[in-house]
Amino acid sequence: MSSKILLEARGVSKKFGGLTAVNTLDYTLMEGMIASIIGPNGAGKTTFFNVVTGFYIPTTGTVFFDGKPISGLKPHQLTRVGIGRTFQTIRLFNNLSALENVLVGMHHHLQSSWWEDILKPAKTRREELGAEYQARSLLEYVGLSGSEDEMAKSLPYGSQRRLEIARALATNPKLLLLDEPTAGMNPNETGEMTAFIRRLRDDLGLTILLIEHDMQVVMTISDKVTVLDYGQKISEGLPHEVQNDDRVIEAYLGKRALEVLRNGRK
């Protein structure tokens, strides 16, 4: 793991009227790390993801990526600088094939102009063939070889999750944000996805930040775990440190459960 900070949030808040979804959050993510953000429902996890990826502009504070401020940039601009993501609710182009979905992810890397797309000179044809070859390779990498021509909406749920990751990989990211990547999966699928996420880091050198509710996944895969509650960071550290933090136990299980647990420790 590198000692370089890839992503940093300094004093980031996001307010919606009178609701503070993220409250003066400081956060750092080192290059090459797999890190998780956890917390009860409504803790501000996805709001923070949306700030990092340009869907929301922070009310206060600044986000830095690779040493440069990125707050205020649009999602497509952040894609160009190397931030890719998936969503809690799968967002594929349902009526496009698996191959076409991945090609959409490559669009901003292609050099051909609109008139070259119409006239198809040799340079454009070569570029299109190269993009298709890369898209097929990505589908094979995520385990969807043979599904290139299937409509996205026809794929099983787990395959749709992998297709969304393939499309994110097609943007050539340095940082990949995964919003609940194992949601809705059975234990076998969850285990396969957990191993796959680790392989993304090990094979491709990606830095990965995920939101995840499955604590087995979090504790198995994470180099660092950050816990949010009511938009604030209440704990951060190695998985076993966070798991045994009374503030985390109280946030998830309530004050009464924490008192019972403490009495049991005596």
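R199 is partly exposed, with a relative accessible area of 32%; that label covers values between buried (under 20%) and exposed (over 50%), found with a 1.4 Å probe on protein chains only. Keep in mind that this is a predicted model, where local features need pLDDT of at least 70, side-chain atom pairs count only at pLDDT 80 or more, and totals for chains, interfaces and linings use all residues. Residues are numbered from 1 along each chain as its sequence is written, and side-chain values use heavy atoms, leaving out hydrogens and water.

R199 has a charged partner, D203. Their link is a salt bridge, meaning a side-chain nitrogen of Lys or Arg within 4 Å of a carboxyl oxygen of Asp or Glu. The two sit four residues apart in helix 7, so about one helical turn separates them. (Helices are DSSP runs of H or I with at least four residues, strands are runs of E with at least two, and both are numbered from the N terminus.) The whole structure holds eleven salt bridges, including these:

| Pair | N to O distance |
|---|---|
| R199 and D203 | 3.7 Å |
| R201 and D202 | 2.8 Å |
| K224 and E236 | 3.6 Å |

K224 belongs to strand 9 and E236 to strand 10, so their bridge ties together parts twelve residues apart in sequence. Here K224 is buried at 11%, while E236 is partly exposed at 34%.

Now look inside. The largest nonpolar core has 33 residues; such a core is a set of buried Ala, Val, Leu, Ile, Met, Phe, Trp, Tyr and Cys residues joined through side-chain atoms within 4.5 Å. Helix 6 gives the largest share, five residues, and twelve of the 13 residues in helix 6 are buried.
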